[in-house]
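I am opening my notebook on this structure. The entries below say what I looked up and what I found.

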Amino acid sequence: MIPTLKLSDIISKWRDTLQASQPISNFCTTHYNKVPNIFVGINGKTPPTADNCPMIILYPGAKSEGLELQEYTYKLTIGWTILQNAVTVTNNITELSGIAECDGLGQLIYLELAQLSPDNPISVLNYDIEPVAYFPRFPGRMDLTVKIAPVNGYSINF
């Protein structure tokens with residue numbers, strides 16, 4: 001048996017984890033009065049709208065597997081977007097509330113996924129938020145890499 005892991009299996013596990021997350025539900029309910037909409041892929045011709053915010057999108061990923069590799073690599077991307085019009089001005093400081101809220105939701109997503117599979121932790125996280133171009137939407141994105149050492153003859157447990 002050749003050890004392999006389907007990207008869709010990782011996505012399904014992450015989808016279910018994010019959907020069941022009490023911290024994420026609490027955060028979104030507190031800030032936006034609703035739980036997040038979760039998408040597995042999106043239709044680029046008719047993408048989600050502001051009405052779908054807050055939203056979390058799990059994108060198809062990429063993987064490297066094969067008999068010559070000592071370590072298999074799985075790269076997946078998650079996006080999220082919140083909608084926040086609030087701007088606070090204190091003395092000479094103007095602050096868009098959506099920046100911290102977008103970062104807050106992103107951190108919760110990462111923490112939920114980071115603790116999910118202790119045997120195969122997330123080994124690389126690239127994370128960014130776009131605080132200005134889409135106001136009042138605040139999108140974030142994280143590229144996550146999981147590395148797994150395969151054992152020939154055994155299935156990969158994730």
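**Entry 1: a serine**

In which helix does Ser 25 lie? I looked it up, and Ser 25 lies in helix H2. I note here that the model is a predicted one. Then I looked for its contacts, leaving aside neighbours within four places in sequence. Ser 25 is in contact with Gln 19 and Val 35.

Where is Ser 21? I found Ser 21 in the loop between helix H1, residues 7–20, and H2. Ser 21 has a relative accessible area of 3%, so I wrote it down as buried. I also checked its distance to Gln 107.

**Entry 2: H2 against H3**

At what angle do H2 and H3 pack? H2 covers residues 22–32, and H3 covers residues 97–114. I read an angle of about 165°, with the axes 9 Å apart. An angle over 145 degrees counts as roughly antiparallel. H2 and H3 are therefore roughly antiparallel to each other. Their crossing is left-handed.

Which residues of H2 and H3 make the contact? From H2 I listed Pro 23, Ile 24, Phe 27, Cys 28, His 31 and Tyr 32. From H3 I listed Glu 101, Gly 104, Leu 105, Leu 108, Ile 109 and Glu 112. Sorted by class, this contact has eight nonpolar, two polar and two charged residues.

**Entry 3: H1 against H3**

I turned to H1 and H3 next. How do H1 and H3 lie to each other? Their axes come within 10 Å and cross at roughly 120°. H1 and H3 are therefore oblique to each other. I noted the crossing of H1 and H3 as right-handed.

The contact uses Trp 14, Thr 17 and Leu 18 of H1. On the H3 side I found Ile 109, Glu 112 and Leu 113. The residues of this contact divide into four nonpolar, one polar and one charged. Looking back, I see Ile 109 and Glu 112 in the list for H2 with H3, and again in the list for H1 with H3.

**Entry 4: a tyrosine of H3**

Which residues is Tyr 110 in contact with, leaving aside its neighbours within four places in sequence? Tyr 110 lies in helix H3. I found it in contact with Ile 122, Leu 125, Met 142 and Leu 144. I then checked Tyr 110 against Ala 133. They are 23 residues apart in sequence and 23 Å apart in space, C-alpha to C-alpha.

**Entry 5: cysteines**

How many disulfides does a search of the whole structure find? The search finds zero. I reminded myself that a disulfide is a covalent bond between the sulfur atoms of two cysteines.

I checked Cys 53 first. Cys 53 is in no disulfide. Its nearest cysteine sulfur is that of Cys 102, 9.9 Å away. The cut-off for a disulfide is within 2.5 Å. For Cys 102, the nearest cysteine sulfur is that of Cys 53, and Cys 102 is in no disulfide either.

Definitions and conventions:
Residues are numbered from 1 along each chain as its sequence is written. This is a predicted model: local features need pLDDT of at least 70, side-chain atom pairs count only at pLDDT 80 or more; totals for chains, interfaces and linings use all residues. Side-chain values use heavy atoms; hydrogens and water are left out. Axes are lines fitted to C-alpha atoms, for helices over the stretch in contact, and angles run from 0 to 180 degrees between N-to-C directions. Helices (H or I, at least four residues) and strands (E, at least two) are DSSP runs, numbered from the N terminus. Angles under 35 degrees count as roughly parallel, over 145 as roughly antiparallel, 65 to 115 as roughly perpendicular and the rest as oblique. A crossing is left-handed if the near helix is turned anticlockwise from the far one by less than a right angle, and right-handed if clockwise. Contact means heavy atoms within 4.5 Å. Ala, Val, Leu, Ile, Met, Phe, Trp, Tyr, Cys and Pro count as nonpolar, Asp, Glu, Lys and Arg as charged, and the others, Gly among them, as polar. Buried means under 20% relative accessible area, exposed over 50%, partly exposed in between (1.4 Å probe, protein chains only).
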